[in-house]
Amino acid sequence: IGKKIQAIYLWWHKPVIDKELLQSLPNLKVIANSGVGMDHLDLKLVASFGVKMANAPRAVSSTTADTGMALVLASARRLVEVHNISISPSMEYCEADILGVKVAGATLGIIGMGSIGYKIALRAKAFEMNILYHNRTRRKVQEEQAVGATYCKKIDSLLQQADFVMLVVSLTPQTHKLIGKRELELMKPTATLINISRGAVVDHEALLAALQTGVIRAAALDVTSPEPLPRDHPLLKLKNVIITPHLGTKTDKASYMITEEAVENILAALSGLPLPSEVLP
């Protein structure tokens, strides 16, 4: 049936798009992805076959922003730790051992101020946080003022000031291991690193060492590399780490909206119209 296939809808990176598959589908016109990140695709390879590509940014931005803020709050108030205490047989604890940190008045540093990053800023403003951001291009002044965000041209400046550092960047060769030993050591010892982008944006060995030695206070990770981590990975044993299984877009409504957006792009491609969410190589 290879000659009949004109579109592929990728759900959770499946099917795997490689040269062999592309060669077997001579009439393929479009690949629609169920999410924003396209790092699992060789964009230049796909384009070389004359195939267009699209993602689903509109459907996922609010849900992913919710996940980011949920991790800020869960880490700040140590919700996983205190949940485990609450359901333990003894229910014994010292109040000093479960003290969290205050979110209101804290500084949130957002690395990557695209549509998701901006929606995180909107939520953080409601929690009375001070907002810094670093991005390849600066937002309009009106957009900054709407959320009370301050632009940091250098990532180092953001890392040195933020109480919570939120990673919301795409995975590219430039962002691979963007946060390593040097960057972690620039952060406050009371700071928390939150990653809702891609696991490979963080050097996990450097992060493990930083968490074990008190270089930073805590981490909350919705993404890891690999994903999931091996069951014996040391990060899984640390109390100052929250790890969730890539929850970013996983709500019933978001899943439906992602599919709608993918169908919209597929129908546009098959009709010879511009793709609403086209991704160029």
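On a 1 Å grid over the protein atoms alone, a pocket is an open set of points where a 1.4 Å probe fits, with protein on both sides within 12 Å along at least five of seven lines. This is a predicted model: local features need pLDDT of at least 70, side-chain atom pairs count only at pLDDT 80 or more, and totals for linings use all residues. Residues are numbered from 1 along each chain, and side-chain values use heavy atoms, without hydrogens or water.

**Second largest pocket**
- Its volume, the space filled by probe spheres set on the points, is about 370 Å³.
- Of its 21 lining residues, Thr-224, Pro-226, Glu-227, Pro-228 and His-246 are closest to the centre; a lining residue has an atom within 4 Å of a point.
- Domain 1 (2–55 + 251–279) and domain 2 (60–243) both contribute lining residues, so this pocket lies between them.

**Largest pocket**
- The largest pocket holds about 1,500 Å³ of space.
- It is lined by 49 residues, with Val-36, Gly-37, Val-169, Ser-170 and Leu-171 nearest its centre.
- Both domains supply residues to this lining too, so the largest pocket lies between them.

**Thr-175**
- Thr-175 is buried (under 20% relative accessible area), at 13%.
- Its side chain makes polar contacts (N or O atoms within 3.5 Å, one able to donate a hydrogen and the other to accept it): 2.7 Å to the backbone oxygen of Ser-170 and 2.8 Å to the backbone nitrogen of Thr-172.
- Beyond four places in sequence, Thr-175 touches (heavy atoms within 4.5 Å) Val-169, Ser-170, Ala-200 and Val-201.

Key
Buried means under 20% relative accessible area, exposed over 50%, partly exposed in between (1.4 Å probe, protein chains only). Domain bounds come from an automatic or database domain assignment.
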